[in-house]
Amino acid sequence: MTRYILQRLALLPLLMVIYSFVIFVIIQAPPGDFLTAYVATLASSGSSISQEQIEAWRAQYGLDQPMIVQYWLWVKHLVHGNFGLSLEYQRPNADLIGEQIGLTLALALFSFFLTWAIAIPAGIYSATHPRSIGDHILTVVNYVGVATPNFMLALILMWVAFAYFDLSVTGLYSPEYADAPWSWGKFLDLMAHLWLPALVLGIAGTARLSRIMRANLLDELNKPYVVTARAKGMKEWRLVLRYPVRLAFNPLISTIGWYLPMLFSGSLIVATVMNLPNIGPLLLRALVNQDMYLAGGILLIYSFLTIVGTLLSDILLALVDPRIRVGS
Amino acid sequence: MSTEAQPLLSVRDLRVSFVLDEGLVRAVDGTSFDVMPGQVLGVVGESGCGKSVTMRAILQLIDRPGRITKGEIHFRRDSGVVDLVQLSPRGGEMRDIRGGEIALIPQEPMAAFSPVHTVGDQIVEAILLHSHRWQPDRKLSRSEARDITVGLFRDVGISMPEQRIYTYSWQLSGGLRQRAMIAMALSCKPRLLIADEPTTAIDVTTQAQVLALLRDLQARYNTAIIFITHDLGVIAQMASYVVVMYLGRVMEEGPVDDIFHAPKHPYTRALLRSIPSLYGQTRVALPVISGALPHPFNRPPGCPFHPRCPDVMERCSVAVPRLMPVGTSQLASCFLHHEEAEQA
C-alpha cells in the first residue's frame, strides 16, 4: 500500500510537466497576445499608443520570443514557486490567486458537503422505498436538478430573491462587511450568503450523486449477503446501513477525487453570474484579456487538484475496501 | 400426547404469490408438512418448484412483490406455539426467532458473506444479536462473542480458527466458506436449521465433507434440519423423512426408505427412474420425465403434474388431488390412490 502511494506520487511531477505544456499551448493558441488585446481596449476608448512602446513592452515581457522559449521561462520560474506577474494587474499572480483561494475553497468544500449530506440520504431513501411516492418525487426533483444549467438556476434564484423577498443575494458579503476586517459578524454574514451559491453549485452534483447512490444500493439490496443478514435477525435499517450501503458507497468514493477540481472549474460561470469573489471570475477575465500567465497559473492549479484528487480517492477506496487493500 | 410427538414446525396450506407485470405467479400453492424436533426433513423438487420460497416464507423473508396470501406456519417456542405468518416480518418477535431459533444456511456461500467485513465480525454480530441464547441474564461482550466464534470454527472443522475469524470470505476456499456459514447458522443454538441447497455451489469432495459435518453436528446438538435439494442422492444420505414438491405443491411425503423403495406418486417414480444406477445397463438412454416444466404463468388446471404424467386420467385435469395418507406411512396427492379432491 505504501509502495503504491509512493509510486503514484513519483508519477506526479511527470504528469505536471505534461499538463503544464498542454496548458501553455492552449493559452498561447488564440491569435495575438496580451498587448494586442490591450491595444484594442485602448483603441476602443479612444486613446492610442506608439508602435515603439508596444514593441518595447513585447520585448520586456518576452512575448517576442518563440513559444518554446516562453514556455521554458515560465516553467523555470514555476519550479522556483514564481507564478509570474499578471500583465493586466501588474501584480504577482501568486498574490492574485492567493487572495481568492480561501473563499474559493470555502465555497467548494461547503458545496461538496452539502451535496453529500443531501444526496446520500435521498439515494438511500429512494432505494429502500423503490416506486413509492417519495421515490417518484425525488426522481422528478433529481431529473430537474440534472437538467437545469446551474447559471440558469442562479439567475432564477437571484430574480426570485430580489423580486419577492427584496434580497440581494449576489456576492458573499453584505455591503457593510465587504471591506471590513475579519470578525465574528463578518463570518456570520458570510455563512448567511454562502448557502445559496453553494446550493446552486451543488444541485446538479447532488441530483447525479443521489441517482448513482439509488442505483448502486438497489443492486446491493438484491445480493445474497443481505438475505443472510436478515436471516440473522438484524433490524432492517441497521442492516441496510451496515452492509449494502457500505458496499454501495465504494464506487462513489472513487468519484470524490473528481469533485474538487469540478467544483473549482464549475464555479466559473455561476460565480461570474452571482458576482462571487472567487477564482472563477478571475480566470474568465484573465482568459478574455489574454493575461496568459495568470490564466496558466490557475489552470495549473486545477490540473494539480485533479491529479491529487484522483490519488486521494484511490487511497480512500483502498482504505475502505479490503478487496483492494489486501489484494494489492 | 407426549411433547416428543408434537411437531416443532407445522406448515399448513401455505400459499405464496408474486404479483408481476406479466401476471400472478403462485410459487407456493397449498403446501403442508411437519418438522419434528431433531428430525432431518428432506425437501426435493426441480428448480422453481417453490422449495426456496417455502423456506423464505418460514423465515418471513419474502421480498416484494411476493406475499404470503394464505396458510399457517406454527412454530413451537419455549413460550408456546406461534403462527409465524401472523408476526410482523420486521417486528421484534420475528427477528428474535430469525437467526436465534430458526437459522438459514444459504445456497451460495460465496455471496452470502459481505465481502468488506471479516467473517468473524459477521458471526460475532449474530451472536450479540441473540446474546441471551448463550447468557440469559446479561449481554455478552464482544470478546466473549469472539471466543464463541473461535469455538464454533473449531467445531465445524476450520483449522487455525483464531486467525481465520479475521479473514474475508473471498480469502477462504468454497468448502471453508460453507463451513463458516454453518458456524454462523449454529452460532445461536437454533432449534431448526434450514439448509437451502448448501452443497450445490461446491465441488463433490468438499460436498461429501460438508454433508458429513452437518450429519455430525445434527447428531451432536439434535437440531432439526430442513434440507432442501434437487439431488436425491443427498436426500438419501441426509434425511429421515422426505417431502417431494412440484410446482408449489407437495406431491408425496414419507419416511426416506418408503419414498425410495415404494414411491406412490407418478412424479416421485419418474424422479427416481431418472437417477443413473451403477448396476443398470450401459449405453441405454436414461429415462427422462416427458414434457417440460410449465411456465409459471401457465399453471395447468387440476393436478399440476398431469400434462407430464404417464398415468394421467380424465379427472386429473379438472380437480386438484388432496394430500392424503396412502399405505401405512406415506402421504400422496394423486387420484391413483384416493378420490379426495381439494375444494375449488
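Which residues does B:Phe153 touch, not counting residues up to four places away in sequence? I looked this up in a predicted model, where local features need pLDDT of at least 70, side-chain atom pairs count only at pLDDT 80 or more, and totals for chains, interfaces and linings use all residues. Residues are numbered from 1 along each chain as its sequence is written, chains are lettered from A and ligands numbered from 1 in the order written, and side-chain values use heavy atoms, without hydrogens and water.

**Entry: cores**

I found B:Phe153 touching B:Val119, B:Ile123, B:Ile158, B:Pro161, B:Arg164, B:Ile165, B:Ala180 and B:Ala183 (contact means heavy atoms within 4.5 Å). B:Phe153 is among the residues with the most contacts inside the largest nonpolar core, which has 59 residues; B:Ile182, B:Leu193, B:Phe227, B:Tyr267 and B:Phe305 are the others listed. A nonpolar core is a set of buried Ala, Val, Leu, Ile, Met, Phe, Trp, Tyr and Cys residues joined through side-chain atoms within 4.5 Å, buried being under 20% relative accessible area with a 1.4 Å probe, protein chains only. Helix H7 (residues 174–186) of chain B supplies the largest share of this core, 8 residues (helices are DSSP runs of H or I, at least four residues, and strands are E runs of at least two, numbered from the N terminus). The core lies between domain 1 (99–239) and domain 2 (251–275 + 288–332) of chain B, because both give residues to it; the bounds come from an automatic or database assignment. I noted a second, separate core of 41 residues, including B:Val53, B:Val85, B:Met94 and B:Ile97.

The largest cavity has a volume of about 100 Å³. On a 1 Å grid over the protein atoms alone, a cavity is a set of points where a 1.4 Å probe fits but cannot get out, and lining residues have an atom within 4 Å of a point. Of its 13 lining residues, A:Ala231, A:Lys232, B:Gly99, B:Met184 and B:Ala185 are closest to the centre. H7(B) gives the most to this lining, with 3 residues.

**Entry: pocket**

I put the largest pocket at about 1,100 Å³; a pocket is an open set with protein on both sides within 12 Å along at least five of seven lines. Its lining has 32 residues, and A:Arg230, B:Ile62, B:Asp63, B:Arg64 and B:Arg90 lie nearest the centre. H10(A) gives the most to the lining of the largest pocket, with 4 residues.

Note on methods:
Buried means under 20% relative accessible area, exposed over 50%, partly exposed in between (1.4 Å probe, protein chains only). Grid points are joined across faces, edges and corners, and a volume is the space filled by probe spheres set on the points.
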